[in-house]
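Welcome, and please open your viewer. We will go from stop to stop, selecting a few residues each time and looking at what is there.

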Amino acid sequence: MKRLIRYLLIALALLAALTPVYWMITISLKREVDQFATPPRWFSFSPTLEHYADAFLARSFGQYLLNSGLVAAASTLCALVIGTLAAYALARFRLPYRLDRKLALWILSTRMFPAIVTAVPLFLIMRDLSLLNTQLSLIIVYTAFNLPFVVWMMRGFFAELPRDLEEAALVDGDSRLGAFWRVVLPLVTPGLVATAVFCLIVSWNEFLFALVLTQTDAAMTLPVGIAGRVTQYEIKLGVMSAAGVVAMMPILIFALSVQKYLVRGLSLGGVKG
Amino acid sequence: MSIILKNLTKSFGSALVVDNLSLEINSGEFVVLLGPSGCGKTTTLRMLAGLEEAGSGDILIDGERVNELPPQRRDVAMVFQSYALYPHMTVADNIGYPLRVRKLNRKQITRQVVQTAAMLEIEALLQRKPRELSGGERQRVALARAIVRSPRAFLMDEPLSNLDARLRVQMRGELKHLQHELGTTTVYVTHDQAEAMTLGHRVAVMNKGKLQQFETPLDIYNRPANRFVAEFVGSPGMNFFDGRIDAIRAVFEGDGISLAVQNGLELYRGRTKPVTLGIRPEHVQVSTRQRDNYLAARVYVTELMGSETFVFLQIGQRRIIARAPGDFRAEPESTVWIQLDPTKTHFFDPESGKRL
């Protein structure tokens with residue numbers, strides 16, 4: 001009985017999570033007449049790839065995809081490099097007046113106000129730097145946005161790691177940075193991967209800043225590009241869905257390929273030797 | 001390589017952890033820092049390694065002041081209580097790590113790793129990861145990693161405390177042999193007095209950050225500098241009686257016993273101040289039959305050790321321990337007769353605890 005309830009709950013959760021995805025996939029494959037049919041056609045429709053062709057050949061969704069990929073990858077990388085080093089310092093070094101704790105909290109506090117508060121100042125800054133409509137502006141903003149998250153995640157992973165290991169490396173003759181690179185970092189790889197996945201997802205899906213900072217096809221990312229198909233005269237459901245299906249893929253593939261790290265990273269403590 | 005500590009002091013916040021510690025360790029010597037937890041022995045070792053900053057005082061290795069040198073430039077090797085093996089590396093990579101960071105070429109590293117592994121009989125494990133090893137094997141790998149680069153000194157922080165009792169005794173012997181073979185100056189931290197007695201050329205007993213005594217194990221055992229050392233070294237520890245010496249009759253009296261004083265009586269001549277008498281369990285004779293000059297005592301409990309029996313005795317308010325032969329038997333609450341060997345007594349000042 002208990003098992004039955006458990007499976008029922010799982011099925012319910014899956015239903016809630018996957019129905020929209022299923023609906024999006026079918027819409028991307030339906031002709032427009034089928035999209036608006038009442039009652040809705042769940043299974044029986046004649047599939048077509050015309051929306052995919054429309055999105056990626058006739059329109060610039062290919063470019064958006066590229067932009068999204070570049071922005072997400074570059075901002076994740078930057079946030080990981082800067083954030084990991086900062087987190088290591090915060091986890092290992094005691095500053096006077098407990099500044100290390102205060103600093104960590106202050107870093108976290110930058111995530112406490114709503115993102116939109118910074119939209120206007122960031123727009124003005126980017127305009128003055130002539131960075132509007134560039135991927136670089138988004139890379140900078142996303143890096144800043146992801147940093148607190150990286151610092152806090154990685155700080156936890158570093159704190160879990162016994163100090164003995166680094167101290168052994170130091171006494172064995174390695175430098176601080178060498179010990180970090182050869183001993184510490186390999187041991188927090190699962191945590192690093194889990195953090196990277198979260199950063200990627202956030203950057204990949206981000207809409208607000210992308211909308212404010214990029215208007216041109218050359219710089220626009222997928223979420224903005226997709227939303228842009230809702231126009232005054234028509235809503236291109238097929239094109240939007242086709243782009244949505246493609247947008248889903250990279251993160252899905254990445255998450256699946258690093259699954260073994262992800263599980264260990266999420267269940268902290270997987271780094272103990 | 002000699003190691004000299006001069007007036008070394010260290011405090012964490014307001015807590016004084018190491019208090020004005022001075023030690024001179026000769027080249028090739030095996031010195032044990034012995035003391036209860038929190039006595040500052042591990043902190044001392046970490047200051048030697050460079051992992052902890054020295055508060056004040058000097059640390060000299062081979063005549064060179066190393067206070068400001070970071071650990072990687074002190075050329076000492078450390079064995080941690082947790083072994084601190086790198087979990088993501090194979091045994092071979094673990095042992096070779098100190099060589100790799102010194103940029104030796106691959107061939108040389110392999111040769112030295114294999115050689116060291118052979119010395120510790122772990123050649124078969126070289127391709128394994130630390131988590132696939134037993135405690136004793138991990139211990140050997142940690143030792144191999146320390147030995148491989150022939151450092152100026154070995155620093156060991158309770159390296160045997162994570163092993164089971166049988167293995168600990170075995171590794172203790174191997175460690176002593178190894179140090180003898182290599183002749184490398186070794187500083188070894190432990191709270192286990194048996195390890196200290198068996199391993200050290202000299203033992204530095206510490207308590208509350210202060211050095212209590214620094215001598216050979218036998219001297220420490222036979223002539224403890226104060227009551228703390230007498231109690232801490234030896235298993236079971238020394239028995240104590242509080243009383244006075246009557247110099248005219250040459251008798252110690254107190255705590256329900258009276259004992260003719262024989263050794264070093266001149267020290268107490270004319271003395272009426274209270275003293276503490278100490279006597280080791282093996283110098284307390286126990287008999288189930290009444291004899292001349294024996295005192296009556298009540299058996300509290302006996303502990304069979306096989307080769308010997310520890311007899312816990314109640315004399316007035318005092319509880320003492322006697323070491324009896326393995327075949328000694330007595331029921332709790334029964335009366336036995338004891339004699340304290342008057343030539344084996346120690347006297348301490350009850351106030352300062354110092355040996356008289």
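Start in chain A by selecting A:K30 and A:F45: A:K30 lies over the face of A:F45, at 5.4 Å from the ring centre. Keep in mind as you look around that this is a predicted model.

**Stop two: a second ring with a charge above it**

Now select A:R155 and A:W152. Here A:R155 sits over the face of A:W152, and the distance to the ring centre is 4.9 Å. Keep both residues on screen, as they come back at the next stop.

Colour helix α5 (residues 99–109) and helix α7 (residues 135–160) of chain A. They pack at an angle of about 140°, with their axes 8 Å apart. That angle makes α5(A) oblique to α7(A). The crossing of the two, α5(A) and α7(A), is left-handed. Which residues make the contact? From α5(A) they are A:A104, A:L105, A:I107 and A:L108, and from α7(A) they are A:P148, A:V151, A:W152 and A:R155.

**Stop four: a group of rings**

Still in chain A, select A:Y22, A:W23, A:W42 and A:F43, which form one aromatic cluster.

**Stop five: ring pairs in chain B**

How many aromatic pairs does the structure hold over all chains? There are 15 of them. For one of these, select B:F30 and B:Y188: the pair is tilted, 5.7 Å centre to centre, with 45° between the planes. B:F30 belongs to strand β3 (residues 30–34) and B:Y188 to strand β8 (residues 185–190) of chain B, so the pair ties together parts that are 158 residues apart in sequence. Are these two residues buried or exposed? Both B:F30 and B:Y188 are buried.

Next, select B:Y86 and B:Y97. Their ring centres are 4.6 Å apart and their planes are at 55°, so this pair is tilted. B:Y86 is in the loop between β6 (76–79) and α2 (91–100) of chain B, while B:Y97 is in helix α2, eleven residues apart. B:Y86 is buried, with a relative accessible area of 0%, and B:Y97 is buried with a value of 0%.

**Last stop: helix α2 of chain B**

Eight of its ten residues are buried, so α2(B) is largely enclosed by the rest of the structure. The buried ones are B:V91, B:A92, B:N94, B:I95, B:G96, B:Y97, B:P98 and B:L99.

Key. Residues numbered from 1 in each chain as written. Chains lettered and ligands numbered in written order. Predicted model: local features only at pLDDT ≥ 70, side-chain atom pairs only at ≥ 80, totals over all residues. Heavy atoms only, no water. Phe/Tyr/Trp six-rings, centres within 6.5 Å; stacked < 30°, edge-to-face > 60°. Helix = DSSP H or I, 4+ residues; strand = E, 2+ residues; numbered from the N terminus. Buried < 20%, exposed > 50% of the residue type's maximum accessible area, 1.4 Å probe, protein only. Lys NZ or Arg CZ within 6 Å of the ring centre and 35° of its normal. Axes fitted to C-alpha atoms, helices over the stretch in contact; angles between N-to-C directions. Parallel < 35°, antiparallel > 145°, perpendicular 65-115°, else oblique. Left-handed = near helix turned anticlockwise from the far one by under 90°. Contact = heavy atoms within 4.5 Å.
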